[in-house]
Every structure is written in C-alpha cells, then in structure tokens.
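Trainee: Hi! I'm new to this one, could you walk me through it?

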Amino acid sequence: MGLPSDDAVVIQKGKGPGEPYVITVNCPDKTGLGCDICRTILDFGIYICRGDISTDGIWCYIVLWVIPHSSKTPGVTVRWANLKERLLSVCPSCSVSFYLNQPSSHTTFSPPMYLLKFCSLDRKGLLNDVTQVLCELELTIQRVKVTTTPDGRVLDLFFVTDNLELLHTKERQDETCERLQAVLGESCISCELQLAGSQFDNLQSMSSLSPVVAEELFRFELSRAQALSPDVTKLKKSCVMIDNSLSPAHTLLQINCIDHKGFLYDILRTLKDYNIQIAYGRFSPVNNGHRELDLFIRQKDGKKIVDPKKQDALCSRLKVEMLHPLRVIITNRGPDTELLVANPVELSGKGRPWVFYDVTHALKTLGICIFSAEIGRHSTADREWEVYRFLLEENCRFQLSNMVVRNQIVDKVRRTLMGW
C-alpha cells in the first residue's frame, strides 16, 4: 500500500569530491509540498543546483541535486541524517486512508516555545556567533529581544522552538547552554532556558512602524538606495510567462531570473499561497547566474489558469518575489540609526530561515555593533511580514548619518541575504 515511510526520502552522496548530493522524495502529494521541502533544505544551509518534480495529483516524485552552501554559512556542518528526518516530517503519511481520500489521523501542532535568556559582556559579532550556534543546534528563532545596557552588558531574550523536539529533556537543555557558554567564553555572565510564558505574548507585537517607514519598507518598487546596486538592474530583467497552448490540462509557467539564495523556495512559496498545484516541474542548472524554471501547473480545482486577471496577479506577485524577496532599508529612529529587514510570511505562518543569521553576519563583517534588536510581525493590506529591527552602534568606523555609507550597509546586507 505504499513505500515504508523511511524510504520516502533517500539522500545519496555525490560520487566524487564537489559532486552534488541527490535527494529523492517519493511520497503522497499535497499542495505546497515542494515549498515545504525547499524551505527545509534552505533551513539546513543547502543550495539546490537543479531538480525535477512529477506528480499525478496523488503521488509525487521529486529529485533535487544539492550542495552545502558552506561558503555562505562558514562553520555550519550539514547533518544529513537530521535533514532526512525533517524532510520525512513534511511528507504526507503513506497510509491507506490517503489513497481513499479519507481525512488523515495526523494532526499538526505547534511545538512548544522556549525562552533562552543570557547575559554577557558585549563584543563585536556576539549576536551572530550566538545565532550560528542556535542554527547548528537546529533551534528556530521565533522572536528575539536584544538590549545593551549602559555598563556594556548585553541581555538577550531568544524565543525558540526545537526542530528535533527534544528541548524538554535535560540533556538537550544542557547541550544548548554549554554550546552557548563555549562561544561566549569568559564574557558569559548567565544562561537560562525555560518554557516561555507570558513573556512571549508580550513580544508578539513589536513596536509599531511609522506610516512613512512602513511605506518605504513595503512599497512595490525598490527604494532609491537599493537601486544603486548594479545587481538590481539584472533582477529587473526577470521574465515570467504563462502559456495555455502546450497542454490540454495544465498551464505552463516559465520563469527566467537571476539566481539567489532561496530562489526556488520563493517561487514555490508563492504558488503554495495561491493554492497552485505543480504537475511537473524542471529546475535547470544556473547558466551565467540565471535560473530557468518550467512548471506545468493547475488550480486547486484541477483546472488551468485561463482568467487573465488571475494570470496577471500570479505573474505580478512572482516578479515581486524575484525582484526583492527581502526588503532592506536604513532609517532614523529618533536620534538613532535603525536597519530594518522584512520578508513575507507564508500563509501557514512560517517565516524565512537564516534571515537573522545573515543580517548579523553582514554587520559583523562590516564591523558594526548592534545596540538592540527585535523580531516581530507586521500586517499590510495583502500579507503578513516578518520584520527584523536593529539599532546600530554609532561608535564604529562608519559615519552612519552619511547617505553613501547607509547605501553601502544596505547593499552589503541585501547581498548577504541573497547569497551573492
């Protein structure tokens, strides 16, 4: 009645040095499965070279050629066994009831939230070092509140969930604190880990964005500062086409765009949010920095996309996701300089992996200290966003009030997020 669940995901090592690993997923289909798989792979710091997807609407067969993105995430080692377990967790159950279209007995639940609180002496790169440890431990950062005190100490509150679902055990808690204390060294003053209570509820809503800042951050077009980057010119050449003449049952969606980290996730996330099903897809290898996709798709009701308004809406949204899937601006917050980064949240409520790490890594590379940081959610008319806010230290080698310097910071952060 189907494959044993352990055989639903197979990971094969490359035949030679530098050769990509091959991930094969063979399981029942569901709308958005490709998105869930790509998000999981992105969460492990892995880059998808090329891939094929095929499904008859009941059973799905996916083959992805991947390599560790070690150059972009130094020091992070891929735990391939853990990746397999995570991929298995997003695959639908291989049960008889699935084939009979009966409701599955499997129910989703939100993993428990934990509060990781530590106090230490401040230093450059501290926040990025801590974030890297949490990523290596497969702890997902849901919210964060970082504050620097006048006496040079840092009080960090990380609200995390455990992808391994073991944080309730003393062994896992001890491992987490020990790893953090090791990276903090003698600067560590205290480290505590406990189930989150009302503290998390208080951090659900971040301090509000002013209408002017929100308009600049979430606008359709890139800001003038971002437009200074030569890479933006390449991004604007993105092409999205829809063709209904090649298949009697499916709409062909063709995409050509400059490659970036999480490119496939951004495309498949958008299709998932639109309840679009992929019948067949081919992700070609990168050619001169560009990525091509051919996807045969249909609506959830099994019909082609023939309504011109629906076609235009889908193409417009895909172009936006390829042009700037992450928004980055610098603005003033009173007398302070604030860096803001935003990314769309899936309709399922999931945010994008690695954003906090990438931003803190870019600032660490520039030698810029973070005075305070927070993560929250912000809703606009058509979607929800995850917003990262960083107050930057003024006492660094950069003159943060200088517009050229601000543009350089925005460009560095954005390029790091895009994997360039």
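Trainee: What percentage of the 420 residues of the protein chain count as buried?
Mentor: Of those 420 residues, 53% count as buried. Keep in mind that this is a predicted model.

Trainee: How many helices and strands does the protein chain have?
Mentor: There are 13 helices and 16 strands in the protein chain. As for contacts between residues at least 6 apart in sequence, 70% of them join residues at least 24 apart.

Trainee: And what is the mean pLDDT of the chain?
Mentor: The mean is 86, and 86% of the residues reach 70 or more.

Trainee: Where does pLDDT stay under 50?
Mentor: One such stretch is residues 95-108, for which the model has 13 contacts beyond four places in sequence. Another is residues 223-228, with nine contacts of that kind. Where pLDDT is low, the predicted coordinates should not be read in detail.

Trainee: Okay, new topic: helix H4. How many of its 11 residues are buried?
Mentor: In H4, 10 of the 11 residues are buried, so this helix is largely enclosed by the rest of the structure. The buried residues include Leu127, Asn128, Thr131, Gln132 and Leu134.

Trainee: What covers the buried residues of H4?
Mentor: The cover includes strands E5 (114-121), E6, E7 and E15 (370-379), along with helices H5 and H12 (355-366).

Trainee: Let's look at H5, then. At what angle do H4 and H5 pack?
Mentor: Helix H4, residues 126-136, packs with helix H5, residues 170-184, at an angle of about 150°, and their axes are 10 Å apart. Angles over 145 degrees count as roughly antiparallel, so H4 is roughly antiparallel to H5. The crossing in which H4 passes H5 is right-handed.

Trainee: Which residues make that contact?
Mentor: From H4 you have Leu126, Asp129, Val130, Val133 and Glu136, and from H5 there are Arg179, Leu180, Val183 and Leu184. Sorted by class, the contact of H4 with H5 has six nonpolar and three charged residues, and no polar ones.

Trainee: What comes just after H4?
Mentor: Just after H4, Glu138 takes a positive phi of about 60°. Glu138 is found in the loop between H4 and strand E6 (139-148). Most residues other than glycine have a negative phi.

Trainee: Is Glu138 buried or exposed?
Mentor: Glu138 is buried, because its relative accessible area is 6% and the cut-off for buried is under 20%.

Trainee: And what about phi in Glu165?
Mentor: Glu165 is not a glycine, yet its phi is positive, about 55°. You'll find Glu165 in the loop between strand E7 (153-162) and H5. With 48% relative accessibility, Glu165 counts as partly exposed.

Trainee: Last topic: where is Cys191?
Mentor: Cys191 sits in strand E8, which covers residues 188-195. At 16% relative accessibility, Cys191 counts as buried.

Trainee: Which residues is Cys191 in contact with, leaving aside its neighbours within four places in sequence?
Mentor: Those are Leu116, Lys117, Phe118, Cys177, Leu180 and Gln181. Leu180 is also one of the H5 residues in the contact with H4.

Trainee: How far apart are Cys191 and Gln181?
Mentor: Cys191 and Gln181 are 10 residues apart in sequence, and in space they are 7.6 Å apart, C-alpha to C-alpha.

Key. Residues numbered from 1 in each chain as written. Predicted model: local features only at pLDDT ≥ 70, side-chain atom pairs only at ≥ 80, totals over all residues. Heavy atoms only, no water. Axes fitted to C-alpha atoms, helices over the stretch in contact; angles between N-to-C directions. Helix = DSSP H or I, 4+ residues; strand = E, 2+ residues; numbered from the N terminus. Parallel < 35°, antiparallel > 145°, perpendicular 65-115°, else oblique. Left-handed = near helix turned anticlockwise from the far one by under 90°. Contact = heavy atoms within 4.5 Å. Nonpolar A, V, L, I, M, F, W, Y, C, P; charged D, E, K, R; others polar. Buried < 20%, exposed > 50% of the residue type's maximum accessible area, 1.4 Å probe, protein only. pLDDT = per-residue confidence, 0-100.
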